[in-house]
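I opened my notebook to record what I looked up in this structure.

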Amino acid sequence: MAVEVSNKILSIPSTTISVANVRQANGAELDAIARYRRMTNYLAAAQIYLKGNVLLREPLKPEHIKDRLLGHWGTSPGINLVYAHLNHLITRYALDMFLVTGPGHGAPANLANLYLEGSLHDYYPDLTFDETGLHTFVRSFSWPGGFPSHLYPGVPGTIHEGGELGYALATAFGAAMDNPDLIVACIVGDGEAETGPTATAWHSYKFIHPAQSGAVLPILHLNGYKISNPTIYGTMSDEELLHLFTGYGYHIQFVQGDEHSDLDAQLYAAMDWAYHEIRRIQGAARSGQPIEKPRWPVIIMRTPKGMTGIKELDGEPIEGSFRSHQVPVEDVKTNPEHLKLVEQWLRSYHIEELFDEKGSPLLDILQQCPTGKLRMGSNPHAFGGRIRQPLVLPSIHQFAVQVKHGVGPEHGGVNASNMEQLAKYLTEVVRRNPHNFHIFSPDELQSNKLGAVLDVAPREYEWPVPPHNEKVAAKGGRVIEVLSEHDCQAWLQGYLLTGRNGLFPSYEAFLNIVISMMDQFAKFLKLSLEIPWRLPISSLNYLETSTLWRQEHNGFSHQSPGFINSVLNKKAAVSRVYLPPDANCLISTVDHCLHSTNYVNLVIANKPPMPQWLSMDEAIAHCRAGASIWHWASSDDGVNPDVVLVGIGDNPMLEVMAAAQILRDEMPQMRVRVINVTDLLVLEKDTEHPHGLDEEMFDALFTPDKPVLINFHGYVSAVKQLLFGRRHVQRFHINGYNEEGTTTTPFDMNVRNKTDRYNLIMQAIRLAAVNNPRVAARASERVHHYEYVLVDHRRYIQDNGVDPQEVTNWKWHG
């Protein structure tokens with residue numbers, strides 16, 4: 001199909017809108033928009049270059065130019081074009097709307113608009129509408145103590161920084177979920193469009209219920225170039241783009257041209273069309289007659305990169321090329337010809353027609369902006385902490401696993417799946433919070449033993465599905481599953497930053513996919529803590545399960561606990577890592593995380609049945625402490641152990657308990673203290689992390705000088721990092737995952753990494769023998785015995801394919 005675009009806006013299905021008619025009907029408004037864009041384009045360029053003479057009332061001199069030229073000009077004119085027309089759309093229809101800017105490096109454009117609409121002045125009172133305020137505003141960009149070169153939490157209206165490209169679109173969809181009156185406009189640059197996360201995010205509308213959620217208006221901005229070469233989408237023809245986005249399921253409108261084309265008339269009409277398409281789809285759903293497979297609107301906008309800027313420099317094209325991406329002319333202070341070129345560029349906007357004599361933007365310019373909460377920089381949804389909806393959470397006691405059974409052992413006498421028990425709690429959380437809680441999962445809820453949630457909160461999916469998938473296509477469900485960790489993360493970020501709550505369960509190994517996204521979100525939180533008007537939002541809660549210790553069936557590729565290390569590297573003010581040892585501790589921990597704000601919480605738990613150690617009251621006390629001595633499992637009478645055994649994680653703790661039991665039975669002369677750590681950060685010094693134990697409490701727990709043998713869930717380096725700086729750190733011996741794995745038996749995973757009970761026993765004997773002569777007398781015999789036990793184990797699993805019964809049927813008997 002041949003597609004020709006000139007002064008028409010094309011769409012699929014085949015409808016066209018006459019630009020001439022739009023111009024004729026709205027000429028005065030379009031002229032006003034053009035004047036407004038002259039102002040914002042000037043302000044964007046001025047922020048990059050100027051530290052003085054911001055009204056150009058004298059010839060431009062080197063001393064007026066910033067010494068460090070930072071920022072990105074190329075995308076700014078396109079952002080200004082979109083922002084101006086969104087302003088008018090908001091004003092025409094009194095819309096609840098804000099903007100997610102994928103090319104966040106175009107911050108000069110966003111800031112220019114926020115300055116004119118007055119949102120900046122609300123938080124930065126010195127940014128006034130006069131020469132002094134204008135000078136302060138222009139100078140503050142990419143200036144120490146001022147605004148960074150990208151969007152950040154200090155820019156009102158921002159929920160996405162746009163520094164790391166890829167997830168602006170999915171973040172916008174997360175913001176729209178459960179916000180029925182909200183429309184989130186989202187600019188996706190053609191560089192960002194090349195990323196994997198964006199490719200999957202185009203499908204996000206298939207998870208948007210038109211009756212109970214808002215909408216996203218994507219604007220794909222094609223300016224043709226990245227930093228130094230053409231973009232994929234920029235090189236595609238209109239026909240190819242039509243086929244691609246029609247295949248995605250969208251209804252497309254093209255807008256294209258340059259400053260000499262009537263871009264304003266095109267975009268004006270396209271946005272008006274898109275708005276009415278959104279309302280048509282929503283209206284049908286809300287009247288009980290939903291459209292099957294609705295085609296949501298998308299605008300594809302082609303404009304030259306760096307439009308309205310310098311056309312050519314030293315014989316090389318600037319506008320419409322990659323050379324306009326960042327700072328088009330860099331040697332302005334030292335090259336008089338280039339200084340003159342920049343001055344001509346800045347004066348081309350004729351700002352003397354836009355400012356009054358006091359340096360205030362003229363009234364007709366300011367009138368192009370909405371007012372009050374209709375301003376995109378002041379939209380309440382972009383300040384999630386102010387409208388945060390805390391969860392209504394049930395009492396965790398009603399979900400307690402009972403560990404006491406008459407005359408039987410109180411601890412470890414019951415086996416249960418920690419995740420299945422947690423699912424009962426989460427089911428009630430979902431039932432009590434039908435409009436402000438979502439679970440985002442990469443197609444793993446059933447696998448991770450959380451399937452009970454689907455009984456009250458089916459999966460949300462809007463398109464038709466085959467029969468016998470009743471729990472899949474329950475429109476309006478609370479669970480969203482897609483095999484893209486990037487989308488899950490971005491949806492959750494958008495949901496949290498607009499005041500709601502959520503949970504992200506995932507296989508342990510594949511949370512690593514979103515490490516950089518977690519990193520960016522943690523940075524956003526860290527900076528938000530420093531900004532008084534950024535009120536706390538609900539925490540980002542990761543539930544990491546299907547862990548390496550029980551991925552023996554999937555093999556080496558599924559065995560990777562590195563997400564722990566990444567969270568530990570974040571600021572202490574926002575990072576939390578929990579490894580509850582049983583179901584009651586897990587429920588208590590998740591309940592705490594769902595109550596919390598402004599944290600990145602990582603909770604790690606296995607899903608197979610495991611011993612249940614603590615009653616709910618014991619679990620609550622233990623979780624509050626973060627670590628405690630399990631006196632009932634220890635044999636040191638609470639005073640003078642020969643060795644301290646520490647378990648961190650449910651599987652490592654199981655092996656610690658088995659080792660302690662065997663030592664109690666076979667070497668009663670050894671005094672063993674058993675400790676569980678459920679809050680990993682207690683190991684760090686209290687001067688480094690608010691959860692860290694002070695020296696007195698640390699020594700009371702781990703003793704001041706006895707050998708400590710730690711059995712850890714993840715990489716040894718994580719614990720070493722936390723213990724750095726502690727006194728006598730050489731007495732700590734750490735076992736953990738050592739990159740040894742394959743398809744094998746569960747217990748063999750421990751053996752391969754020396755986290756099993758027999759290796760622990762041998763290590764403990766060697767350590768205790770140094771100061772306990774009675775242990776030393778039997779040390780050699782016992783160590784050699786367990787070496788042979790491990791040899792027999794290897795032979796047994798090779799012959800039988802399963803672990804021996806003394807391992808699989810082991811129970812604590814006190």
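**Entry: the model**

I noted at the start that this is a predicted model.

**Entry: the six-stranded sheet**

I began with the strand order. This open sheet of six strands runs S12-S11-S13-S14-S16-S15, and its pairing is parallel. Which strands stand at the edges? I found S12 (479–481) and S15 there. Each has a single partner strand, so one side of each is left without a neighbour in the sheet.

I went through some of the pairs. S13 (residues 501–507) pairs with S14 in the parallel sense, over four bridges. There, Tyr-507 stands opposite Thr-545 of S14.

I then looked up the helices on this sheet. H15 (residues 515–528) packs on the sheet and touches S14 and S16. The direction of H15 makes about 135 degrees with that of S16. H17 also packs on the sheet, touching S11 (437–441), S13, S14, S15 and S16. For H17, the angle to the direction of S16 is about 165 degrees.

**Entry: strand S16**

I gave S16 its own page. How many bridges pair S14 with S16? S14 (residues 540–545) and S16 share five, in the parallel sense. Asn-541 stands opposite Asn-601 of S16. With S15 (residues 575–578), S16 has four bridges, and these two strands run parallel. I checked one partner here: Ser-575 bridges to Val-600 in S16.

Next I followed the chain from S15 to S16. S15, H17 (residues 583–595) and S16 make a β-α-β unit, and this unit is right-handed.

Is S16 buried or exposed? S16 (residues 600–604) is mostly covered, with five of its five residues buried. I sorted the residues by direction. Val-600, Leu-602 and Ile-604 point one way from S16. Asn-601 and Val-603 point the other way. All of them are buried, including Asn-601, the residue opposite Asn-541.

**Entry: the five-stranded sheet**

I moved on to a second sheet. This open sheet has five strands in the order S18-S20-S19-S21-S22, with mixed pairing. Its edge strands are S18 (627–629) and S22 (732–737), and each pairs on one side only.

S19 (residues 643–648) and S20 (residues 672–677) run parallel and are joined by five bridges. Val-643 has Val-672 as its bridge partner in S20.

Two helices went into this entry. H19 (residues 650–666) lies across S19, S20 and S21 (708–715), and runs at about 150 degrees to S19. H21 (residues 716–723) packs on the sheet, where H21 touches S21 and S22. The direction of H21 makes about 125 degrees with that of S21.

**Entry: cavities**

A search of the whole structure finds seven cavities of 30 Å³ or more. The largest cavity has a volume of about 120 Å³. Which residues lie nearest its centre? I found Leu-99, Asn-110, Pro-156, Gly-157 and Thr-158, out of a lining of 16 residues. S3 (96–101) and H3 (107–117) each supply at least two residues of this lining. S3 gives the most, with four residues.

Methods. Residues numbered from 1 in each chain as written. Predicted model: local features only at pLDDT ≥ 70, side-chain atom pairs only at ≥ 80, totals over all residues. Heavy atoms only, no water. Buried < 20%, exposed > 50% of the residue type's maximum accessible area, 1.4 Å probe, protein only. Pairing = 2+ DSSP bridges. Right-handed = clockwise from strand over helix to strand, strands pointing away. Contact = heavy atoms within 4.5 Å. Axes fitted to C-alpha atoms, helices over the stretch in contact; angles between N-to-C directions. 1 Å grid on protein atoms, 1.4 Å probe; cavity = no way out; pocket = protein on both sides within 12 Å on 5 of 7 lines; lining within 4 Å. Points joined across faces, edges and corners; volume = space filled by probe spheres on them.
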